[in-house]
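Open the model in your viewer and keep the sequence panel beside it.

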Amino acid sequence: MKKVTLIFICLVLILCMTACSVRPQEESKEDLNARALGQSFEVVNVWRDFCNACPDRESFSQGEKDAADYIKGMFGSCGLEQYYADGFIQSVDYGEEATTQNVVGIIRGENTDKNVVIGAHYDNLGEINSEGANDNASGVAVLLSLAKYFSYKTLPFNLVFVAFGGEEAGYAGSGHFVNNFDTDSILLFINIDSVANGKYRLYVFGGII
């Protein structure tokens with residue numbers, strides 16, 4: 001139940017952030033909590049499926065690439081548009097031989113070039129970290145569930161969903177993404193990492209990217 005509780009908290013925060021935009025009618029606190037709690041149990045199912053399908057996701061490995069393909073398929077089934085002209089995948093070269101990839105999808109808002117970016121890294125430490133169930137399959141599960149939830153919503157900003165590769169090897173994917181994205185267009189960036197356990201802490205940073 002502890003695992004579900006923290007995921008529930010994450011969903012409440014994000015649902016509150018967009019409630020005015022996606023639901024014109026008033027929604028009581030009790031209704032919002034009930035809706036988020038129900039969705040939190042759906043997240044657990046997505047979490048389990050991802051762990052079972054992609055247990056070995058060590059940075060730069062074939063397992064990591066297979067996980068990226070899994071997420072790409074999930075983004076497509078959720079109804080996200082591919083962010084790049086040639087697909088969902090952003091290739092990342094890291095050093096002379098190491099390569100990884102980000103998976104990027106978008107839900108376009110109405111007549112806007114402003115973005116809210118939601119991200120989570122999907123690689124793990126390989127056998128050292130077993131399935132990486134907390135770090136960071138839990139974050140991927142929330143990311144995929146939010147992509148599904150918002151896929152048919154009309155928002156006043158774009159929602160960009162990013163699954164980062166190579167995080168455990170020095171933030172390879174996230175660094176490449178930021179260096180190749182119009183950061184002036186970002187209204188808010190939400191990073192979801194290791195939300196299955198811990199001390200229920202939420203870290204908020206403000207400033208110039």
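**Before you start**

This is a predicted model, in which local features need pLDDT of at least 70, side-chain atom pairs count only at pLDDT 80 or more, and totals for chains, interfaces and linings use all residues. Residues are numbered from 1 along each chain as its sequence is written, and side-chain values use heavy atoms, with hydrogens and water left out.

**Stop 1: the whole chain**

Show the protein chain as a cartoon. Five helices and six strands make it up. Helices here are DSSP runs of H or I with at least four residues, strands are runs of E with at least two, and both are numbered from the N terminus. Starting at the N terminus, the order is α-α-α-β-β-β-β-α-β-α-β.

Now colour by burial. Of the 209 residues in the chain, 45% are buried. Buried means under 20% relative accessible area, exposed means over 50%, and partly exposed lies in between (1.4 Å probe, protein chains only).

How far apart in sequence are the residues that contacts join? Among contacts between residues at least 6 apart, 76% join residues at least 24 apart. A contact means heavy atoms within 4.5 Å.

**Stop 2: helix α4**

Select residues 133-150, which form helix α4. This helix has 18 residues and spans 24 Å from its first C-alpha to its last, close to the 26 Å expected at 1.5 Å a residue. The expected span is 1.5 Å times one less than the number of residues. Is α4 mostly covered or mostly open? It is mostly covered, with 15 of its 18 residues buried.

Zoom in on D135 and N136. A cis peptide bond joins D135 and N136, with omega about 10°. N136 belongs to α4. Its relative accessible area is 0%, so N136 is buried. Leaving aside neighbours within four places in sequence, N136 is in contact with R57, A120, H121, D123, I192, D193 and S194.

**Stop 3: the nonpolar cores**

Select I71, F75, I118, L159 and F161. These residues have the most contacts inside the largest nonpolar core, which has 37 residues. Such a core is a set of buried Ala, Val, Leu, Ile, Met, Phe, Trp, Tyr and Cys residues joined through side-chain atoms within 4.5 Å. At least two core residues come from each of α2, α3, β3 (98-107), β4 (115-121), α4 and β5. The largest share, ten residues, comes from α4.

Centre on I118. Beyond its neighbours within four places in sequence, I118 is in contact with L143, L146, L159, V160, F161, V162, I190 and I192. A second, separate core has nine residues, including I106, V117, F164 and F177.

**Stop 4: across from α2**

Select V44 in helix α2. With a relative accessible area of 24%, V44 is partly exposed.

**Stop 5: two loops**

Go to F60, in the loop between α2 (29-53) and α3 (62-78). F60 has a positive phi of about 75°, although it is not a glycine. At a relative accessible area of 30%, F60 is partly exposed.

Next, find the loop between β5 (158-164) and α5, which holds Y171. Y171 also is not a glycine, and has a positive phi of about 60°. Its relative accessibility is 53%, so Y171 counts as exposed.

G170 sits in the loop between β5 and α5. At 37% relative accessibility, G170 is partly exposed.

**Stop 6**

Which residues of α5 are buried? They are A172, G173, S174 and F177. Their cover includes β2 (89-94), β3, β4 and β5.

Now select F164, S174, V178, F189 and N191. Of the 14 residues lining the second largest pocket, these lie nearest its centre. α5 (172-179) and β6 (186-191) each supply at least two lining residues. By class, the lining has eight nonpolar, four polar and two charged residues.Ala, Val, Leu, Ile, Met, Phe, Trp, Tyr, Cys and Pro count as nonpolar, Asp, Glu, Lys and Arg as charged, and the others, Gly among them, as polar. A pocket is an open set of points on a 1 Å grid over the protein atoms alone, where a 1.4 Å probe fits, with protein on both sides within 12 Å along at least five of seven lines; lining residues have an atom within 4 Å of a point.
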